[in-house]
Amino acid sequence: MTLPKTHFLDSTLRSPLMQLPVRTAVFELDEGRMLFSPGSKLTPEQLREAGPVTDIVAPSLMHTGGMKAAAQAHPNARLWGPAGVREKHPELTWHGILGETPWPFERELSFLPIPGMPKLNESAFLHHPSKALYLTDMVFNVTEPRGLTTWMFFRVFGTYKRFAVSRLFLRFAKDQVAFNAAIQKFAGLDFEHVVPSHGEAMLNEGKPRLLAAFRERGLLP
């Protein structure tokens, strides 16, 4: 997969019962080089491959497992994470809290909070040079699931071998009004691709497919 000013580092989270592909992005920005959502199973070689990273971002409380190794590989990089990340990882020095600290990359990489989910505090990001929307756990698109019971988990999530909004993700929405407002905002964004953290990217037809996935779950009329 090739997108402008973007590189990808892929890894796999393995357990005895399940294998979960994890995608990490590297953005070449005018004001720096960003390692986005570093996977916990990235190798030292992959972290070096990311190049001279200036900023490392954890977009969700569920995606912080790779931050320590990424920070060790890039000790001068600024660390960004969601509200609650300082309490979850007090051993790390956090430069910015998403939604609280001013976000300096808005022109190239828009920060899109998904409110109403305090246990996740997840955010989406829109990379304008590539017109790609990055979603962490909202959608899955694992077309070739591997692992003894992976199929069972994905069927429960409603994402088995297809691009769809995870039912498990929706269970974390505690403030439905705030959450629905974010969905409505996504529907009005200008993007062509959707890049989930787990599974294949939905290229070119990302927006209509995402809107259809929202409608399937009753999130849009």
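A cavity is a set of grid points where a 1.4 Å probe fits but cannot get out. In this predicted model, a search of the whole structure identifies one cavity of 30 Å³ or more. The volume of the largest cavity is about 60 Å³. Its lining consists of Arg23, Ala25, Phe36, Ser37, Tyr134, Leu135, Val195, Pro196 and Ser197, which divide into six nonpolar, two polar and one charged residue. Strands E2 (19-29), E9 and E12 each contribute at least two residues to this lining.

Two of the lining residues, Ser37 and Ser197, are also among the residues touched by histidine 63. Histidine 63 is located in the loop between strand E4 (55-57) and helix H2 (67-73). Because buried means under 20% relative accessible area, histidine 63 counts as buried at 11% relative accessibility. Its side chain forms a polar contact of 3.3 Å with that of serine 37 and another, of 3.1 Å, with that of aspartate 137.

In H7 (residues 206-216), the buried residues are Gly206, Leu210, Leu211, Ala213 and Phe214. These residues lie on the same side of H7, because they cover an arc of only 155 degrees around the axis. After H7 comes glycine 218, with a positive phi near 75 degrees.

Note on methods
Residues are numbered from 1 along each chain as its sequence is written. This is a predicted model: local features need pLDDT of at least 70, side-chain atom pairs count only at pLDDT 80 or more; totals for chains, interfaces and linings use all residues. Side-chain values use heavy atoms; hydrogens and water are left out. Buried means under 20% relative accessible area, exposed over 50%, partly exposed in between (1.4 Å probe, protein chains only). Helices (H or I, at least four residues) and strands (E, at least two) are DSSP runs, numbered from the N terminus. The arc is that of the directions from the helix axis to the C-beta atoms. A polar contact is a pair of N or O atoms within 3.5 Å; within protein, one must be able to donate a hydrogen and the other to accept it, and residues adjacent in sequence count only if both atoms are side-chain atoms. Contact means heavy atoms within 4.5 Å. On a 1 Å grid over the protein atoms alone, a cavity is a set of points where a 1.4 Å probe fits but cannot get out, and a pocket is an open set with protein on both sides within 12 Å along at least five of seven lines; lining residues have an atom within 4 Å of a point. Grid points are joined across faces, edges and corners, and a volume is the space filled by probe spheres set on the points. Ala, Val, Leu, Ile, Met, Phe, Trp, Tyr, Cys and Pro count as nonpolar, Asp, Glu, Lys and Arg as charged, and the others, Gly among them, as polar. Lists of a residue's contacts leave out its neighbours within four places in sequence.
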